[in-house]
Amino acid sequence: MGKALFVTGTGTDVGKTYVTGLIVKKLQDAGLDAGYYKAALSGAEPDGRGHLIPGDAAWVKQVAGLTDPLENLVTYVYQEAVSPHLAARHTGVPVDLDRIREDFARARDRHAYLTMEGSGGILCPLRWDERQRLLLEDVIQRLDLGCVIVADAGLGTINSTVLTVEYLRHRNIPVRGIFFNHWIPGDAMQEDNRAMVERLTKVPVLACIQAGDKDLDIKIDKLTALYR
């Protein structure tokens, strides 16, 4: 059984998938056996043959050079670009935690370092019906994973990042680091954002990612230490 790490974000569109792809690529480029898994993905595009293309997983697979088939990378794929719990309600295909656990375990068995990407932010509901209420945090806790957080480096990130860290701590989910995306070198506000987030949370910003970056600026031993 390999080691694993969960990647969450401070919200939608902070670049969580982009950064996740760079994380997995960094491991692969170092000659390590890296894998990727996502429990639920919405906003998938139809391929014209009756199937849905899980865009996030497809991008990570491409950028990191993964050989796993797409169907092994995501358990639930929905076309509607809404929260998974709502997409599941509309399609009649609800998320099942036991199935996620089984698929995650198989993915973890296949790879030495498995990176699991979340859906949206930490409070994203995966299922909400009369039979079960399932939030993303429930999956993380059940799988006994630690987290890294992807945050936008710009205006508003102090509030959203500190709140995400504090919520995870309140739920007893280990926070191992933060990645700042959309980084602009020399930008005084972003430099202050980084310093303030580290001071307020006591969690390190592990790397700052600029638009178009192809590699993650972090030492490989520091990256692998995040996985347990």
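Guide: Start with one term. A crossing of two helices is called right-handed if the near helix is turned clockwise from the far one by less than a right angle, and left-handed if anticlockwise. Keep in mind that this is a predicted model.

Now look at H1 and H2. H1 covers residues 16-29, and H2 covers 55-64. Their axes come within 8 Å and cross at roughly 30°. An angle under 35 degrees counts as roughly parallel. Therefore H1 is roughly parallel to H2. The crossing of H1 and H2 is right-handed.

Val-24 and Val-60 are 36 residues apart in sequence, yet their C-alpha atoms are 7.6 Å apart in space.

Follow the chain out of H1. A loop joins H1 to strand E2 (34-41), and Gly-31 lies in that loop. Gly-31 has a relative accessible area of 66%, so this glycine is exposed. Compare Gly-31 with Gly-186. The two are 155 residues apart in sequence, and 33 Å separates them from C-alpha to C-alpha.

Now leave H2. The loop between H2 and E5 holds Pro-69. With 34% relative accessibility, Pro-69 counts as partly exposed. That value falls between the cut-offs, because buried means under 20% and exposed means over 50%. Pro-69 is 41 residues from Gln-28 in sequence, and the two C-alpha atoms are 16 Å apart.

E6 gives the largest share of the lining, four residues. Sort the lining of this pocket by class. Nine residues are nonpolar, eleven are polar and six are charged.

Move to the second largest pocket. Its volume is about 300 Å³. Seventeen residues need finding here: of the 17 in the lining, Leu-70, Glu-71, Asn-72, Val-74 and Thr-75 lie nearest the centre. Strand E4 (52-53), strand E5 (74-77) and helix H4 (97-110) are the elements that give two or more residues to this lining. By class, the lining of the second largest pocket has eight nonpolar, three polar and six charged residues.

H4 brings us back to helix packing. Its partner is H5, residues 136-143, and the axes of H4 and H5 come within 11 Å and cross at roughly 50°. Angles under 35 degrees count as roughly parallel, and 65 to 115 as roughly perpendicular. H4 and H5 are therefore oblique to each other. Handedness comes next. H4 and H5 make a right-handed crossing.

One more pair is worth a look. H6 and H7 pack at an angle of about 25°, and their axes are 10 Å apart. H6 and H7 are therefore roughly parallel to each other. This pair, too, has its handedness. The crossing of H6 and H7 is right-handed.

Finish with the loops that follow these two helices. H6 spans 157-170, and the loop between H6 and strand E10 (175-181) contains Asn-172. H7 spans 188-201, and the loop between H7 and strand E11 (205-208) contains Lys-202. Check the backbone at each residue. Most residues other than glycine have a negative phi. Asn-172 has a positive phi, near 60°. Lys-202 also has a positive phi near 60°. Now check accessibility. Asn-172 is at 69% relative accessibility, so this residue counts as exposed. Lys-202 is at 66%, so this lysine counts as exposed as well.

Notes:
Residues are numbered from 1 along each chain as its sequence is written. This is a predicted model: local features need pLDDT of at least 70, side-chain atom pairs count only at pLDDT 80 or more; totals for chains, interfaces and linings use all residues. Side-chain values use heavy atoms; hydrogens and water are left out. Buried means under 20% relative accessible area, exposed over 50%, partly exposed in between (1.4 Å probe, protein chains only). Ala, Val, Leu, Ile, Met, Phe, Trp, Tyr, Cys and Pro count as nonpolar, Asp, Glu, Lys and Arg as charged, and the others, Gly among them, as polar. On a 1 Å grid over the protein atoms alone, a cavity is a set of points where a 1.4 Å probe fits but cannot get out, and a pocket is an open set with protein on both sides within 12 Å along at least five of seven lines; lining residues have an atom within 4 Å of a point. Grid points are joined across faces, edges and corners, and a volume is the space filled by probe spheres set on the points. Axes are lines fitted to C-alpha atoms, for helices over the stretch in contact, and angles run from 0 to 180 degrees between N-to-C directions. Angles under 35 degrees count as roughly parallel, over 145 as roughly antiparallel, 65 to 115 as roughly perpendicular and the rest as oblique.
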